[in-house]
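Here is a friendly briefing to read alongside the structure. Have the viewer open, and follow the topics one by one.

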Amino acid sequence: MTEQDKLATLTQILRDLLGDDEIALAMDTMREDVPGWDSFNYVNFIVAVEAEYGIKFRIAEIESFPNVGAIVKAIEAARPR
Amino acid sequence: MLFNSYLFIFGYMPVVLAGFWLLGQRRRDWALIWLTLASLFFYAWWRPVNVLLIAPSIAINYGLSRALQRYGETRPVLARVVLLSGIAFNICFLGYFKYLTFLQGTINDAFGAGLILTHVILPLGISFITFQKIAFLIDVHAGRVTSFTFRDYALFVLFFPQLVAGPIVHYREMMPQFHAAPCRFDAENVAVGISLFFFGLAKKLVFADPLSRLIAPLYTQTTPVTMIDAWIAALGFTLQIYFDFSGYSDMALGLARFFGIKLPVNFNSPLKASSMIDFWLRWHVSLTRFLTAYIYNPLTLALTRRRQAKGKPVFGGRNTTVSAFATLLAGPTILTMFVSGLWHGAGYTYVLWGVLHGLLLSVNHAWRLLRPRFWRDARSYTRLMKPVGFVLTFVSVVFGMALFRAPTIGGAVGLWQGMVGFHGLTVPKALFSHFGPVANWLQALGVQPVWSSGSFLMEAVLRIGILLLIALCLPNTLELLSRYEPAIGVRPPRQQPAWMGRFAWTPSPAWAVGLACVAAAGILSLGELSEFLYWQF
């Protein structure tokens with residue numbers, strides 16, 4: 001799977017979570033850029049991503065993802081192709 | 001020593017700054033040691049014996065952090081034990097001073113045990129200091145803080161601008177700043193610092209304190225509070241604590257900036273919030289950040305993973321089941337806000353206030369999930385419903401504040417009953433007579449003319465009206481100073497109205513005159529010493 005596929009999957013997860021079909025994530029999207037993507041929804045998003053890929057992030061990691069790209073990279077690191 | 005005292009403004013601060021800059025010219029680390037010692041002195045001034053409490057607590061926490069750092073990688077089980085005992089130590093430390101009496105009282109209330117209450121004097125700022133220390137332990141354990149010395153740690157805990165009432169800061173956002181600070185006089189830092197400090201001083205002394213004196217009798221009144229008075233009490237306290245805490249937060253930002261240090265955002269026009277979630281992202285931001293990162297997130301993460309392992313449905317956005325919502329969102333939210341309430345004060349009113357906010361937040365989240373089912377277009381929804389959200393949030397916050405301020409739950413309920421009209425509506429006779437024919441209609445509707453002070457009502461309405469306009473319509477200090485990064489990460493918005501650009505703070509003669517007036521108003525009101533509301537927490 002390429003970065004773009006992962007990005008599309010993450011976008012779909014977030015759209016479902018926030019109920020907003022206009023969300024479009026890019027590698028450099030930050031949480032503040034998406035209306036309604038606050039800290040409360042963040043954990044739910046992370047767990048949904050974990051479930052999707054069957055992986056587990058470390059708590060310290062979760063707190064420090066600077067943008068969506070970092071999450072994509074962490075997924076790739078957790079499950080090498 | 002209060003920030004709002006002659007001694008602090010004209011004695012302590014000039015001496016500390018002069019020493020800091022002079023030493024900074026020779027060696028930076030001398031300046032930082034001076035700052036640490038000055039902070040300890042600041043803390044000791046209030047009650048010297050407190051130093052005997054905070055010093056061992058710093059030493060023990062430092063020792064535990066060192067152990068965590070040492071065994072974090074090699075012996076994970078041991079590291080976990082150290083972390084948990086560290087957290088337990090800090091909670092017990094706080095518990096003894098803050099909650100022992102409350103616990104004894106609760107046991108007495110519940111079982112009629114007749115325990116004699118131990119009266120312990122609360123060391124200043126202990127709730128804030130404790131949370132910050134716990135965050136540090138967790139950060140070291142999680143590998144977010146990798147290197148630190150005792151000197152750094154002591155400065156991080158004691159740094160006086162944020163020592164007593166926050167913002168609750170993280171080591172990783174403070175230490176790089178201390179390490180990079182030039183420790184020299186810098187015109188921009190001093191100008192921004194002075195501006196923030198005096199904005200805060202004026203908010204506290206000119207806006208918050210007179211209101212506090214005005215409404216205090218309403219909270220001790222033994223007869224039922226009628227509708228107008230009840231709203232004056234609730235709105236008045238909301239605005240009092242708003243300007244008190246906003247003022248404190250500005251002063252903390254300003255004082256830190258004198259030393260070239262930026263603190264995180266703590267207060268960002270919360271009354272402008274259009275939802276409860278939005279409110280908590282604007283009111284006491286650093287506390288929300290702490291509670292989210294160290295209680296809510298780990299809790300939901302663990303719960304969600306557990307549900308998933310059992311094969312039960314987890315939180316799935318618009319497809320969320322009721323049980324997933326209750327266990328994974330409402331439960332943790334209410335629990336987190338319960339902790340927040342308890343943290344604010346050892347009393348039933350604070351606990352209930354926290355739970356109430358937890359419930360309101362849960363309702364807000366539930367609505368966010370349900371809304372798309374019957375109002376699909378997010379844009380039209382936002383446009384039409386934002387004002388409704390604002391009003392609902394505002395009224396909820398005001399009702400909550402009555403509970404926060406009331407001496408007992410019974411008192412708060414009485415006030416709430418008054419606000420919705422259970423105790424009738426009265427108007428001072430002197431004013432009533434000015435209403436002319438309208439007076440008859442009002443009387444027919446049940447409005448009672450009574451012998452009470454018309455000037456009290458006028459003053460209250462004027463003060464509350466003006467302060468509401470300021471809180472709701474004017475840009476806040478962060479926005480005014482956004483070009484100079486008044487708090488960590490604050491920058492001018494990408495689009496802002498043209499008039500904002502014209503009024504924004506600049507080192508100009510016009511602003512100098514304006515700020516001199518603000519400062520004069522603040523200093524001339526210094527007479528009476530009044531603590532910040534948040535210093536008691």
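**Overview**

Chain B is divided into three parts: domain 1 (6-185), domain 2 (200-272 + 418-536) and domain 3 (276-402). Please keep in mind that this is a predicted model. Chain B holds 21 helices and two strands, while chain A has four helices and zero strands.

**Chain B as a whole**

- The radius of gyration of chain B is 25 Å, which agrees with the value near 24 Å that a compact globule of 537 residues would have.
- Of the contacts in chain B with a separation of 6 or more, 72% are between residues 24 or more positions apart.

**Where domains 2 and 3 of chain B meet**

- The C-alpha centres of domain 2 of chain B and domain 3 of chain B are 27 Å apart.
- In this meeting, 14 residues of domain 2 of chain B are in contact with twelve residues of domain 3 of chain B.
- On the side of domain 2 of chain B that touches domain 3 of chain B, there are ten nonpolar, four polar and no charged residues.

**Helices α4 and α5 of chain B**

- Helix α4 (residues 76-111) of chain B and helix α5 (residues 126-141) of chain B have axes that come within 10 Å and cross at roughly 180°.
- α4(B) and α5(B) are therefore roughly antiparallel to each other, since angles over 145 degrees count that way.
- From α4(B), the contact is made by B:A79, B:L83, B:G86, B:I87, B:N90, B:F93, B:L94, B:F97 and B:K98.
- From α5(B), the residues making the contact are B:I126, B:S127, B:T130, B:K133, B:I134, B:L137 and B:H141.
- Sorted by class, the contact of α4(B) with α5(B) has nine nonpolar, five polar and two charged residues.

**Helices α9 and α14 of chain B**

- The axes of helix α9 (residues 227-258) of chain B and helix α14 (residues 378-405) of chain B come within 8 Å and cross at roughly 85°.
- That angle makes α9(B) roughly perpendicular to α14(B), a label that covers 65 to 115 degrees.
- On the α9(B) side you will find B:A233, B:A234, B:L235, B:F237, B:T238 and B:I241.
- Those residues meet B:V397, B:V398, B:F399, B:M401, B:A402 and B:R405 in α14(B).
- By class, the contact of α9(B) with α14(B) has ten nonpolar, one polar and one charged residues.

**Two residues of chain B with positive phi**

- B:H284 is a residue other than glycine, yet its phi is positive, near 45°.
- Look for B:H284 in the loop between α10 (276-280) and α11 (285-309) of chain B.
- B:H284 counts as buried because it has 22 C-beta neighbours inside 10 Å, and the cut-off for buried is 20 or more.
- B:E485 is not a glycine either, and its phi is positive at about 40°.
- The loop that holds B:E485 lies between α19 (477-480) and α20 (498-503) of chain B.
- B:E485 counts as partly exposed because it has 15 C-beta neighbours inside 10 Å.

**Chain A as a whole**

- From the N terminus on, the elements of chain A run α-α-α-α.
- Chain A has a radius of gyration of 12 Å, close to the 12 Å that the globule rule gives for 81 residues, so chain A is as compact as a globular protein of that length.
- Taken along the principal axes, the C-alpha atoms of chain A fill a box of roughly 30 × 25 × 20 Å.
- In chain A, 31% of the 81 residues count as buried.
- Contacts in chain A between residues at least 6 apart in sequence include 52% that join residues at least 24 apart.

**Where chain A touches chain B**

- The contact takes 16 residues from chain A and 24 residues from chain B.
- On the side of chain A that touches chain B, α1 (3-18), α2 (39-53) and α3 (59-64) of chain A each supply at least two residues.
- α2(A) gives the most to that side, with six residues.
- By class, the side of chain A that touches chain B has eight nonpolar, four polar and four charged residues.

Technical notes:
Residues are numbered from 1 along each chain as its sequence is written. Chains are lettered from A and ligands numbered from 1 in the order in which they are written. This is a predicted model: local features need pLDDT of at least 70, side-chain atom pairs count only at pLDDT 80 or more; totals for chains, interfaces and linings use all residues. A residue is buried if 20 or more other C-beta atoms lie within 10 Å of its own, exposed if 12 or fewer, and partly exposed in between; C-beta atoms are placed from the backbone. Two residues are in contact if their C-beta atoms, placed from the backbone, lie within 7 Å. Ala, Val, Leu, Ile, Met, Phe, Trp, Tyr, Cys and Pro count as nonpolar, Asp, Glu, Lys and Arg as charged, and the others, Gly among them, as polar. Axes are lines fitted to C-alpha atoms, for helices over the stretch in contact, and angles run from 0 to 180 degrees between N-to-C directions. Angles under 35 degrees count as roughly parallel, over 145 as roughly antiparallel, 65 to 115 as roughly perpendicular and the rest as oblique. The radius of gyration is taken over C-alpha atoms; the globule rule is 2.2 Å times the number of residues to the power 0.38. Domain bounds come from an automatic or database domain assignment.
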